[in-house]
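Please work through the exercises below with the sequence and the model open side by side. Each task is followed by a solution that goes step by step.

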Amino acid sequence: ALTSLHGLDAVTSIGEHLFINFNDVLPDLSGLDNVTSIGTELQIYSGLYLASLSGLDNVTSIGTNFRIVNCYALTTLSGLNNVTSIGGYVQIRNSDALTTLSGLDNITSINGYLWIQSNDALTSLHGLDAVTSIGEHLFINFNDVLPDLSGLDNVTSIGTELQIYSG
């Protein structure tokens, strides 16, 4: 099983997709430390032991979409602190240890949708404090311990739909 991404240390950009899927023992993303841009999509799916996004610390832009799904050990999005733009959507789902969205602090707009769903330990949307616009819809669904929507205080426009379901 893959336990490290070392060997990719010289990579500075990824022209299209970075998919990290079904890597059940990968603890972090070290080895991608020199990547500064991802041309289209960053997807991390089913990282059972992924506890940190360390290794993505130098990424400043994600061309289209950012998706974190079923990352059960991830507690924060720190490691993405230098990302300033996401050209498409942001989807954060079923990451049961995630308590905050800290790490997304420098993003000011999301051109697509923002979908945050079924993150059982999520207690705060802080980390989205700099976001002023969401180009499409905003879905905040079934985050059972999320007490309020603080962190979205600076959002002035949502392009299409606002959907909120509570568990």
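The exercises go from the whole chain to single residues.

The model is predicted, and for that reason local features need pLDDT of at least 70 and side-chain atom pairs count only at pLDDT 80 or more, while totals for chains, interfaces and linings use all residues. Residues are numbered from 1 along each chain as its sequence is written, and side-chain values use heavy atoms, with hydrogens and water left out.

**Exercise 1. The chain as a whole**

Solution: Begin with the secondary structure, in which helices (H or I, at least four residues) and strands (E, at least two) are DSSP runs numbered from the N terminus. Next, take the box along the principal axes, which for the C-alpha atoms is roughly 40 × 25 × 20 Å. Finally, turn to contacts (heavy atoms within 4.5 Å): of those with a separation of 6 or more, 57% are between residues 24 or more positions apart.

**Exercise 2. Inside and surface**

Task: Find which residues have the most contacts inside the largest nonpolar core, and which residues form a nonpolar patch on the surface.

Solution: A nonpolar core is a set of buried Ala, Val, Leu, Ile, Met, Phe, Trp, Tyr and Cys residues joined through side-chain atoms within 4.5 Å, and the largest one here has 43 residues, with Leu29 and Leu101 having the most contacts inside it. Among the elements that give two or more residues to this core are strand E2 (18-21), strand E8 (90-93) and strand E12 (138-141). Leu101 itself touches, among others, Leu77, Ile92, Ile116 and Leu128, when residues up to four places away in sequence are not counted.

For the surface, accessible areas come from the Shrake-Rupley method with a 1.4 Å probe, and for residues only the protein chains shown count as cover. Patches are made of residues with over 30% relative accessible area and no salt bridge, like charges being joined within 9 Å and nonpolar side chains (Val, Leu, Ile, Met, Phe, Trp, Tyr) within 5 Å. Val25, Leu48, Tyr49 and Tyr72 form such a nonpolar patch, with about 370 Å² of accessible area together. Leu48 lies in the loop between strand E4 (42-45) and strand E5 (61-62), and at 33% relative accessibility it counts as partly exposed.

**Exercise 3. A charged pair**

Task: Locate the partner with which Arg67 forms a salt bridge, and state which parts of the chain the pair ties together.

Solution: A salt bridge is a side-chain nitrogen of Lys or Arg within 4 Å of a carboxyl oxygen of Asp or Glu, and a search of the whole structure finds one. Arg67 pairs with Glu41, the closest N and O atoms being 3.3 Å apart. Because Arg67 lies in strand E6 and Glu41 in the loop between strand E3 (37-38) and E4, the pair ties together parts that are 26 residues apart in sequence. Glu41 is buried, with a relative accessible area of 8%.

**Exercise 4. Residues in loops**

Task: Decide whether Phe22 is buried or exposed, do likewise for Ser46, and then list the contacts of Leu32.

Solution: Most residues other than glycine have a negative phi. Phe22, however, has a phi near 55°; this residue is found in the loop between E2 and E3 and is exposed, with a relative accessible area of 56%. Ser46 also has a positive phi, of about 55°, but it sits in the loop between E4 and E5 and counts as buried at 10% relative accessibility.

Leu32 lies in the loop between E2 and E3 and is buried, with a relative accessible area of 3%. Leaving aside neighbours within four places in sequence, Leu32 is in contact with Leu5, Leu8, Leu18, Gly55 and Leu56.

Technical notes. Buried < 20%, exposed > 50% of the residue type's maximum accessible area, 1.4 Å probe, protein only.
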